[in-house]
Amino acid sequence: MKRKAIILAFSIILSFSSVLAINSYAAERKSQIIHSSLPIVLKQHHNCIAAYRGDEIIEIFTDVVYDTLPEYDRNTLKKGIPFSNIDEVYSAIEDYDS
């Protein structure tokens, strides 16, 4: 019985530390996105839109279907649209999604 209690306690502690590690990674990743000197560029990614920082995709917006956008928007997104912060990206995505 004591052994089961120890195993259960260890499992709970391990699960809790995993959650903390994941949350810490997510917070660090968000901080990197916000504080980087590279612009965030919105571009076509397959048949949707993605936000890039350099060559790295930081978020994919699958709610926006690239093929359904007006020709001007598609051409602009092929070249890429730079933004200085992620809030501007979200605002632009709302415009495309509406």
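The values here are computed from a predicted model.

**Overall layout**

The protein has three helices and four strands. Of the 98 residues in the protein, 28% are buried. Looking at contacts between residues at least 6 apart in sequence, 40% join residues at least 24 apart.

**The sheet**

The four strands make an open sheet in the order β3-β2-β1-β4, and their pairing is antiparallel. β3 and β4 are the edge strands, each of which pairs on one side only. Going from one strand to the next, the twist averages 30°.

β1 is joined to β2 by six bridges, and the two strands run antiparallel. Within this pairing, I40 has R53 of β2 as its bridge partner. β1 and β2 also form a hairpin with two residues between them, and H46 in the turn has a positive phi of about 55°.

β1 is joined to β4 by three bridges, again with the strands running antiparallel. Here V41 stands opposite P82 of β4, and L42 stands opposite I81 of β4. In a regular strand, side chains alternate between the two faces of the sheet.

**H45 and its surroundings**

H45 belongs to strand β1. Which residues does H45 contact, leaving aside its neighbours within four places in sequence? They are A50, Y52, I57 and I60. With Y52, the side chain of H45 makes a polar contact of 3.2 Å.

**Helices across the sheet**

Helix α2, residues 71–79, lies across β1, β2 and β4. Its direction is at about 120° to β1. Helix α3 lies across β1, β2, β3 and β4, and runs at about 35° to β1.

**The nonpolar core**

The largest nonpolar core has 17 residues. The members that touch the most other members are L42, I49, L77, V89 and Y96. Elements giving two or more residues to this core are β1 (40–45), β2 (48–53), β3 (56–61), β4 (81–83) and α3 (86–97). Which element supplies the largest share of this core? That is α3, with five residues. Nonpolar side chains in soluble globular proteins tend to be buried together.

Y96 is one of the core members with the most partners in the core. Not counting residues up to four places away in sequence, Y96 touches L42, I49, V64, L69, D73, L77 and I81. L42, I49 and L77 in that list are also among the core members that touch the most others.

I58 is found in strand β3. Its relative accessible area is 16%, which means that I58 is buried. I58 and I86 are 28 residues apart in sequence, and their C-alpha atoms are 9.8 Å apart in space.

The structure holds one aromatic pair. F61 and Y90 form this pair in an edge-to-face arrangement, with 6.2 Å from centre to centre and 85° between the planes. The pair links distant parts of the chain, because F61 is in strand β3 and Y90 is in helix α3, 29 residues apart.

Is Y90 buried or partly exposed? Y90 counts as partly exposed because its relative accessibility is 35%, between the limits of 20% and 50%. F61, the partner of Y90 in the pair, has a relative accessible area of 9% and is therefore buried.

The accessibility values for the residues discussed are listed below.

| Residue | Relative accessible area | Class |
|---|---|---|
| I58 | 16% | buried |
| F61 | 9% | buried |
| Y90 | 35% | partly exposed |

How values were computed: Residues are numbered from 1 along each chain as its sequence is written. This is a predicted model: local features need pLDDT of at least 70, side-chain atom pairs count only at pLDDT 80 or more; totals for chains, interfaces and linings use all residues. Side-chain values use heavy atoms; hydrogens and water are left out. A nonpolar core is a set of buried Ala, Val, Leu, Ile, Met, Phe, Trp, Tyr and Cys residues joined through side-chain atoms within 4.5 Å. Buried means under 20% relative accessible area, exposed over 50%, partly exposed in between (1.4 Å probe, protein chains only). Contact means heavy atoms within 4.5 Å. A polar contact is a pair of N or O atoms within 3.5 Å; within protein, one must be able to donate a hydrogen and the other to accept it, and residues adjacent in sequence count only if both atoms are side-chain atoms. Two strands pair if DSSP finds at least two bridges between them. Axes are lines fitted to C-alpha atoms, for helices over the stretch in contact, and angles run from 0 to 180 degrees between N-to-C directions. Rings of Phe, Tyr and Trp (its six-membered ring) pair if their centres lie within 6.5 Å; planes under 30 degrees apart count as stacked, over 60 as edge-to-face and the rest as tilted.
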